[in-house]
Amino acid sequence: MAATELRGVVGPGPAAIAAPGGGGTGPPVVGGGGGRGDSGPGSGTALGTVAAAAAAGGPGPGAGGVAAAGPTPAPPAGGSGGSGAGGSGSAREGWLFKWTNYIKGYQRRWFVLSNGLLSYYRSKAEMRHTCRGTINLATANITVEDSCNFIISNGGAQTYHLKASSEVERQRWVTALELAKAKAVKMLAESDESGDEEAVSQTDKTELQNTLRTLSSKVEDLSTCNDLIAKHGTALQRSLSELESLRLPADSNEKIKQVNERATLFRITSNAMINACRDFLMLAQTHSKKWQKSLQYERDQRIRLEETLEQLAKQHNHLERAFRGATVLPANTPGSAGSGKDQCCSGKGDMSDEDDENEFFDAPEIITMPENLGHKRTGSNISGASSDISLDEQYKHQLEETKKEKRTRIPYKPNYSLNLWSIMKNCIGKELSKIPMPVNFNEPLSMLQRLTEDLEYHELLDRAAKCENSLEQLCYVAAFTVSSYSTTVFRTSKPFNPLLGETFELDRLEENGYRSLCEQVSHHPPAAAHHAESKNGWTLRQEIKITSKFRGKYLSIMPLGSIHCIFHATGHHYTWKKVTTTVHNIIVGKLWIDQSGEIDIVNHKTGDKCNLKFVPYSYFSRDVARKVTGEVTDPSGKVHFALLGTWDEKMDCFKVQPVIGENGGDARQRGHEAEESRVMLWKRNPLPKNAENMYYFSELALTLNAWESGTAPTDSRLRPDQRLMENGRWDEANAEKQRLEEKQRLSRKKREAEAMKATEDGTPYDPYKALWFERKKDPVTKELTHIYRGGYWECKEKQDWTSCPDIF
């Protein structure tokens with residue numbers, strides 16, 4: 001699919017609500033064309049403009065009846081000043097006003113009409129190096145709106161809303177465009193003599209003529225042979241007829257009749273073969289020039305794409321150098337440059353002035369967080385900081401001698417060429433959990449295992465359980481909440497959707513003091529229940545429903561449901577919800593993930609609260625990327641601690657001391673004074689060696705799918721398609737995935753049939769119920785949720801799995 005066709009698909013702007021008519025808040029959309037016209041440099045026709053796809057998705061021209069902020073901006077001073085033919089053999093060139101967006105309205109552009117192509121530039125001087133867009137008039141529609149406005153559209157992929165300085169100037173342009181269109185259509189329709197021969201090189205024409213001459217010669221030879229066959233066949237049949245007239249035995253006459261019939265069939269077959277050869281030659285002569293023209297067109301397109309990519313590479317290099325020298329963000333230290341994250345560059349892929357002042361969020365890479373934060377302190381200062389938070393820096397889990405050996409690597413990810421857009425283009429606006437996806441876009445873990453990864457930094461909850469002060473405890477709970485997102489920064493592959501009834505256990509009671517159980521309790525909508533308990537004095541439970549929407553340029557994943565953390569010694573009960581995860585650059589560019597939204601962590605026993613804000617990424621922001629801020633308050637709303645960090649690196653805590661303000665009242669402590677109370681709550685563990693070849697799994701994630709004995713037959717480790725995919729056998733994994741999904745559909749249909757029969761008979765019918773979790777109202781949040789009913793670990797000890805369904 002051409003780049004501009006992608007832009008037409010994903011960037012329709014307000015075309016879906018366009019109303020006919022001119023004026024109002026902007027020109028009406030014709031044919032649903034969208035995207036920004038001035039979205040990148042290119043050469044040749046717009047079909048070869050790669051930059052157009054990179055800048056796709058911006059607001060296109062609006063509708064006449066659609067509300068917008070304020071009237072259409074007035075055109076700049078000066079007319080369009082169209083000139084006659086001149087300059088590089090163009091049919092017409094001059095100034096016109098082109099609609100860009102609602103912020104800037106119409107902008108003056110230099111248009112050139114030549115050889116059936118209408119191109120435009122920001123200025124006449126720009127003609128030497130950068131074409132902003134081109135539309136082929138042979139396939140375009142020209143529509144006059146009013147005295148000065150007119151529209152050129154090629155059916156949706158491109159639409160130019162133009163305005164001349166006067167009605168006379170507009171009529172001159174429309175007349176020239178109509179004449180150029182008629183000429184272009186005529187040239188397109190002409191067969192061999194005109195446009196085709198111009199597009200075909202002399203070498204290709206000679207080769208083509210020689211091939212056709214050879215084919216014609218062979219067909220003539222076949223015709224000669226056919227004539228000989230017909231001649232000798234007639235003589236053969238005459239001889240056979242004479243034999244029949246002779247007095248021969250009865251069996252001889254029968255044999256002669258069979259030979260005569262076969263000779264007739266042979267003549268018919270040879271005639272059919274000759275006719276087929278003549279038809280083939282005729283088709284070759286008719287279509288050869290069209291094929292040659294198509295081939296030449298593709299060659300031209302390839303050359304244009306190469307030139308455009310070369311321009312983009314140069315511009316990218318220029319932008320990168322300019323960005324390093326800019327003062328928008330603090331420069332990275334050498335230490336941060338080696339952190340494995342890349343510098344940010346514009347996701348627009350061009351220098352379009354229509355977008356210079358607009359904030360956007362489609363940068364293909366992410367700005368790295370500088371290490372030299374203003375509040376950075378050395379490790380010695382941290383340990384010696386005067387703080388009321390009871391930090392146990394010497395706290396480390398001493399693994400027992402019975403610790404199991406954990407695997408540190410998995411088979412490397414095969415280097416397959418994947419085309420995400422070929423799958424995702426049919427999913428725009430749909431719920432992705434209902435769309436079967438091949439394993440090519442997965443990672444070899446299920447959603448249940450991904451949910452269990454929240455426990456990677458379980459030691460934060462262990463430390464929180466030791467805190468006597470509830471506000472200090474809340475700081476650690478907040479850090480634990482943020483830490484659950486650190487594994488997502490590089491993980492752009494999706495986990496497997498669990499089958500209904502699928503489970504996953506993680507028994508780390510001996511090594512880390514906790515054990516965890518997850519179960520898929522609903523399929524539509526997909527929902528998983530999770531229960532983890534620790535002998536260090538805490539319990540974590542949650543039910544997460546995942547809903548997702550694909551919007552063309554990005555994918556939004558919205559987890560629904562509450563997370564509960566209960567500390568046994570104090571009875572403190574905390575709840576919070578997850579934020580929205582967004583996967584950017586689905587179509588073009590490098591995939592990257594962002595977290596955005598707010599989390600309110602509430603202690604239902606004391607009334608303490610912590611508000612965490614996940615700042616969405618912005619190219620023009622002076623803040624570090626992936627920034628998280630927070631405040632810990634008591635029931636009266638007084639702030640006791642301030643939290644600062646990033647969701648992919650670390651979280652720090654500052655004790656807020658009230659100081660006397662200018663008017664004698666309390667004021668919050670200033671930042672440099674709060675530095676004395678800074679404490680690092682959490683820091684991300686480094687990734688394993690060669691993690692980029694192993695789906696960027698953390699040390700914990702590498703162990704999750706390792707086979708273990710004694711687990712339930714519904715455990716994710718036993719899922720065959722996931723195991724095949726982990727071992728690099730993707731084709732077999734896709735076939736196995738289809739089998740499992742079909743088996744799940746049959747089970748669902750069976751339950752639906754039983755429910756319908758029970759309804760008709762008036763007998764009670766029990767809907768599907770989870771095996772290890774019970775759905776009931778939560779006493780704290782008053783929500784209907786699945787809570788662990790117990791029994792799993794007892795069944796594992798007895799190895800009694802008779803109640804488990806057969807799902808694999």
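Biologist: How many cavities of 30 Å³ or more does the count come to?
Modeller: This is a predicted model, and the largest cavity in it holds about 100 Å³ of space. With the threshold set at 30 Å³ or more, the count of cavities comes to 7.

Biologist: Which residues lie nearest the centre of the largest cavity?
Modeller: By class, the lining of this cavity divides into 6 nonpolar, 4 polar and 3 charged residues. Of the 13 residues that line the largest cavity, those nearest its centre are Ser 486, Thr 487, Arg 684, Leu 687 and Ser 698.

Biologist: Which strands stand at the edges of the sheet, and why is one side of each left without a neighbour?
Modeller: The open sheet is formed by 7 strands with antiparallel pairing, in the order β4-β3-β2-β1-β7-β6-β5. Each edge strand has a single partner strand, so one side of it is left without a neighbour in the sheet, and the two strands in this position are β4 (133–136) and β5 (141–144).

Biologist: Over how many bridges do β1 and β2 pair?
Modeller: Within the pair, Gly 94 stands opposite Phe 111 in β2. Strand β1 (residues 92–101) and strand β2 (residues 105–114) run in the antiparallel sense, and the number of bridges over which they pair is 9.

Biologist: What angle does the direction of helix α3 make with that of β1?
Modeller: Helix α3 (residues 167–189) packs on the sheet, where it touches β1, β2, β3 (117–121), β5 and β6 (149–153). Its direction makes with that of β1 an angle of about 100°.

Biologist: Are α11 and α12 roughly parallel or roughly antiparallel to each other?
Modeller: The contact joins residues including Leu 460 and Leu 461 in α11 with others in α12, among them Tyr 476 and Phe 480, and its residues divide into 8 nonpolar, 2 polar and 1 charged. The axes of α11 (residues 459–466) and α12 (residues 470–483) come within 8 Å and cross at roughly 170°. Because angles over 145 degrees count as roughly antiparallel, the two helices are therefore roughly antiparallel.

How values were computed. Residues numbered from 1 in each chain as written. Predicted model: local features only at pLDDT ≥ 70, side-chain atom pairs only at ≥ 80, totals over all residues. Heavy atoms only, no water. Axes fitted to C-alpha atoms, helices over the stretch in contact; angles between N-to-C directions. Helix = DSSP H or I, 4+ residues; strand = E, 2+ residues; numbered from the N terminus. Parallel < 35°, antiparallel > 145°, perpendicular 65-115°, else oblique. Contact = heavy atoms within 4.5 Å. Nonpolar A, V, L, I, M, F, W, Y, C, P; charged D, E, K, R; others polar. 1 Å grid on protein atoms, 1.4 Å probe; cavity = no way out; pocket = protein on both sides within 12 Å on 5 of 7 lines; lining within 4 Å. Points joined across faces, edges and corners; volume = space filled by probe spheres on them. Pairing = 2+ DSSP bridges.
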